[in-house]
Amino acid sequence: MGSGMAANLLKAGFPLTVYNRTAAKAQPLVDAGARLASTPAEAVQGASVVISMLADDAASRNVWLGANGALAAADMRAILIESSTVSPVWIAELADEASRRGIQFLDAPVTGSRMQAEAGQLSFLVGGSDDTLAVVTPVLQAMSKEVLHLGPVGSGAKLKLINNFLCGVQIASLAQGLTWIERSGLDREKSLAFLKSGAPGSPVLANLSARMATHNYAVNFVLKLMAKDLLYAQNEAARCDVDLTTAQVARSLFESAVAQGYGEVDMSAVIEPLRNK
């Protein structure tokens, strides 16, 4: 995701410094004109806008607040943007840390997969002040089809988890339904065509059913990250006294797939433990 986003910033003409914990993954961006930093602290030196796209709370915490972290090295006039799918609890903590240093901060997770990131067709879900967002809107627009301002800091993280909760539950249901179709003797292609055009139809069902049917697990969205997102969603919903029982069922399927070695492939591979049962 971050690579596609960064590539679109370069295409838009923004000067760019990049940091990746695995430096080799950043080489195509360097070849395209970005400068490679060896630490998060080095990456933010002189930057007016700093964007983070990482896997989870732990990775985000390490990059922002760890040894050679980005926050301590950021310019006081910079605007910091966390675009990772992380917990609202962590966003609140990070925003407080930025505020103590007098630095402006937005949470702006994205919806879309790797393909949308590469095409500059992401949607940004933004939490933070109007004035801060106005300054960085041209930067976000270079990577997106939509910039949706939802309210104060943390609003983006909350809606992103709701979005991924709904997607994760549907994907788990699709995996079970397709396994049922395959074992029942029904014609799989006719059955899927009917479902895609009927009431259950959605972009998630259309795209992932094709991947499941053809065993195409090239990564658009890493499976283990959906398991993480469902956990974060359950925790955040519980803070609002909402018990996401369907998320628990879906999460168990994703965690089973991780345990069976499918964690690093596309999330559509969640069907494989069901097929193998």
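Modeller: Happy to, and I'll begin with one side chain: Arg-211 has a relative accessibility of 14%, so it counts as buried, the cut-off being under 20%. Please keep in mind that this is a predicted model.

The partner of Arg-211 is Asp-266, and in this salt bridge the closest N and O atoms are 3.6 Å apart. Arg-211 belongs to helix H11 (residues 203-214), while Asp-266 sits in the loop between helix H13 (245-262) and helix H14 (272-276), so the bridge ties together parts that are 55 residues apart in sequence. Asp-266 is buried too, with a relative accessible area of 2%.

The loop between H13 and H14 also holds Glu-264, whose partner Lys-224 lies in helix H12 (residues 223-239), so this pair ties together parts that are 40 residues apart in sequence. The side chains of Glu-264 and Lys-224 meet in a salt bridge at 2.7 Å, N to O.

Now follow the chain into helix H14, where Glu-272 and Arg-275 both lie, three residues apart, about one turn of the helix. Their side chains meet in a salt bridge of 2.8 Å, N to O, and both residues are buried. This pair is part of a network: salt bridges that share partners join Glu-272 and Arg-275 with Glu-182, Arg-188 and Glu-189.

Stepping back, a search of the whole structure finds 13 salt bridges, including the ones above. The chain carries 23 positive and 25 negative side chains, and the centres of the two sets lie 5 Å apart.

As for the setting, the chain has 14 helices and eight strands. Its C-alpha trace spans about 65 × 45 × 30 Å along the principal axes. The radius of gyration is 20 Å, which agrees with the value near 19 Å that a compact globule of 277 residues would have. Buried residues make up 48% of the 277, and the accessible surface comes to about 13,200 Å², with 55% of it belonging to carbon and sulfur atoms. Finally, among contacts between residues at least 6 apart in sequence, 67% join residues at least 24 apart.

How values were computed
Residues numbered from 1 in each chain as written. Predicted model: local features only at pLDDT ≥ 70, side-chain atom pairs only at ≥ 80, totals over all residues. Heavy atoms only, no water. Helix = DSSP H or I, 4+ residues; strand = E, 2+ residues; numbered from the N terminus. Rg over C-alpha atoms; globule rule 2.2 N^0.38 Å. Buried < 20%, exposed > 50% of the residue type's maximum accessible area, 1.4 Å probe, protein only. Contact = heavy atoms within 4.5 Å. Areas by Shrake-Rupley, 256 points an atom, 1.4 Å probe, with all protein chains shown as cover. Lys, Arg positive; Asp, Glu negative; His and termini not counted. Charge placed at Lys NZ, Arg CZ, Asp CG, Glu CD. Salt bridge = Lys/Arg side-chain N within 4 Å of Asp/Glu carboxyl O.
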